[in-house]
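The points are numbered and can be read beside the model.

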Amino acid sequence: MNVVVLAKYVPNPNGVPEMESDFRLKREGVEGALDPGDEHAVEAALQLAEHTGGEVTIVSMGPEVALSGVRRALSMGAHKAVMITDDQLKGADALVTARVLAAAVRRLEFDLVIGGVESTDGSTGTLPMTVAELLGLPSATFARRIELKEGTVMVERQTESGYDTVECPLPAVVTVTAAVNDPRYPTLKGIMQAKQKPLEHLSVADLGLSADEVRPTQEVVGVEPMADRAAGEVVENASEAPTKVVEFLTRAKVI
């Protein structure tokens, strides 16, 4: 079972994001880490590879500083990695990123692609499914449990009321929630071994993508701080409450 993990290096998920002058998120010269959601994806891939045999390959896109996120995944136990770095990709939107990752994955031999549900910086939640579409593969999302059967993958898809059982043929793309596992901590031995593991560096040209295919289709034209939450309105007279609620919902254009 060869598993590919889509991994992303993000600015400190627990810190305050910094913006560039062009309204893009600042990624270089700031503290960052492997996206916490992707650590669950790496752990899921490692468990599958350990139980079935095979390898785990990390695929990531980003500036040179993003290499530390890849090293983190390798130190957890992943076998090898592919890193795509190119100045043309600065400011890439979710669609461009999906095209790049899909092109990189297409070069590999794999049975399953795993990713987090969404990144902590962009939070679009669309990239893994876009990658699946570009690769022509089925996708199973929000998995809290993964089970492999003969030629298929079955997941418990987490929902607000419990879970749905979803099964699809391999190869496939699966996204996992934080409930799927507890990621392991890299050992000192793993950290040292990570430096020796195969790491392929690729550019847009290496992937055979044109300039048009990596040109962003979206643009951020402005950023404003979120407005402070205003104090709520307290209705002392219970008999007035229904009318006040209707008026509020009307102003909010809910009804």
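1. Strands β7 and β10 pair in the parallel sense over three bridges, where two strands are said to pair if DSSP finds at least two bridges between them. In this pairing A143 stands opposite V176 in β10. Helices (H or I, at least four residues) and strands (E, at least two) are DSSP runs, numbered from the N terminus.

2. On the basis of the model: this is a predicted model, in which local features need pLDDT of at least 70 and side-chain atom pairs count only at pLDDT 80 or more, while totals for chains, interfaces and linings use all residues. Residues are numbered from 1 along each chain as its sequence is written, and side-chain values use heavy atoms, with hydrogens and water left out.

3. Strand β10 also pairs with β6 in the parallel sense, over five bridges, and L112 stands opposite A172 in β10. Five of the five residues of β10 are buried, a word that here means under 20% relative accessible area, with exposed meaning over 50% and partly exposed in between (1.4 Å probe, protein chains only). In a regular strand the side chains alternate between the two faces of the sheet. Both faces of β10 are covered, with A172, V174 and V176 buried on one side and V173 and T175 buried on the other.

4. Which residues have the most contacts inside the largest nonpolar core? They are I58, L112, I114, I146, V174 and V176, in a core of 37 residues; a nonpolar core is a set of buried Ala, Val, Leu, Ile, Met, Phe, Trp, Tyr and Cys residues joined through side-chain atoms within 4.5 Å. Helix α1 (residues 36-52) gives the most to this core, with seven residues. A second, separate core of 29 residues includes V4, V82, V131 and V214.

5. Leaving aside neighbours within four places in sequence, I114 is in contact (heavy atoms within 4.5 Å) with a list of residues that includes V3, V5, A41, L48, I146, V174 and V176.

6. Helix α4 has L127, P128, V131, A132 and L135 as its buried residues. Seen down the axis of α4, these residues fall within an arc of 145°, so they line one face of the helix; the arc is that of the directions from the helix axis to the C-beta atoms. The elements that cover them include β1 (3-7), α3 (94-106), β6, β7 and β10. Just after α4, G136 takes a positive phi of about 70°.

7. T97 has its place in helix α3 and is buried, with a relative accessible area of 14%. Apart from its neighbours within four places in sequence, T97 is in contact with M61, A92 and L127.

8. Some backbone values deserve a second look, since most residues other than glycine have a negative phi, and most peptide bonds are trans. Phi of S123 is near 55°, in the loop between β6 (112-116) and α4 (127-135), and S123 counts as partly exposed at 38% relative accessibility. F142, in strand β7 (residues 139-149), has a positive phi of about 55° although it is not a glycine, and F142 is partly exposed, with a relative accessible area of 34%. The peptide bond from L170 to P171 is cis, with omega near -5°, and P171 is found in the loop between β9 (162-169) and β10 (172-176).
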